[in-house]
Amino acid sequence: PQCSRIYSRSAHAVLTVPRPRPTSLQVQTSPRPSMPREIITVQVGQCGNQIGHEFWKQLCLEHAIMPDGTIQEFGRAPIGDRKDVFFYQADDDHYVPRSVMIDLEPRVIDGILKSEQRNLFNPENVLLSKTGGGAGNIWASGYRQGAEREEELFDILDREADNSDSLEGFVLAHSIS
């Protein structure tokens, strides 16, 4: 006989039950298990990096991740916790945010990398201006500096996307002023 599989989210169990034959008015759908879908956060500029820093602090609290990326003992229970959406687990059992930090002026990112969360972020995912002076509110300067670093930015994004099993998308944190 035809069977249906029922997926239980809380128990992570599969139950197979007989399924009645559909009538012409019923629509057949197949249940799908929910898969972790990774999200990469892109933080751009002063505002985007300040918002992103607070975002990561809150996510670490919610998932019992310490500021150095290690997990607290009570956060080790795997049931229902989806750390892998916003974090990946490094080889040394640290959780690292799927985050890319970009800024033409290094002050805010330097502050993040000197904060309590300095060991949380992947330093390879930080893109700063080579001159360190920023754009100085001059659109043409920012456009030129961005164009010069475009390939490096896409390499970082490609590497993060390639490290994902099932990439859902990107979150962009920035300000338009």
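Is R37 buried, partly exposed or exposed? R37 is partly exposed, with a relative accessible area of 37% (buried is under 20%, exposed over 50%, partly exposed in between, with a 1.4 Å probe and protein chains only). This is a predicted model in which local features need pLDDT of at least 70 and side-chain atom pairs count only at pLDDT 80 or more, while totals for chains, interfaces and linings use all residues. Residues are numbered from 1 along each chain as its sequence is written, and side-chain values use heavy atoms, with hydrogens and water left out.

**Fold**
- The protein chain has three helices and eight strands (DSSP runs: H or I of at least four residues for helices, E of at least two for strands, numbered from the N terminus).
- Their order from the N terminus is β-β-β-α-β-β-β-α-β-α-β.
- Of the 177 residues, 34% count as buried.

**Salt bridges**
- The structure holds six salt bridges (a side-chain nitrogen of Lys or Arg within 4 Å of a carboxyl oxygen of Asp or Glu).
- One of them joins R37 and E168 at 3.4 Å, N to O; R37 is in the loop between β2 and β3, E168 in strand β8, 131 residues apart.
- Another pairs E38 with R98 at 4.0 Å, N to O.
- E38 lies in strand β3 and R98 in the loop between β5 and β6, so this pair ties together parts 60 residues apart in sequence.
- E105 and R107 also meet in a salt bridge (3.7 Å, N to O), and E105 is partly exposed, with a relative accessible area of 27%.

**Surroundings of R98**
- R98 is buried, with a relative accessible area of 4%, and E38 is buried too.
- A polar atom of the R98 side chain lies 3.3 Å from the backbone oxygen of F87.

Conventions: A polar contact is a pair of N or O atoms within 3.5 Å; within protein, one must be able to donate a hydrogen and the other to accept it, and residues adjacent in sequence count only if both atoms are side-chain atoms.
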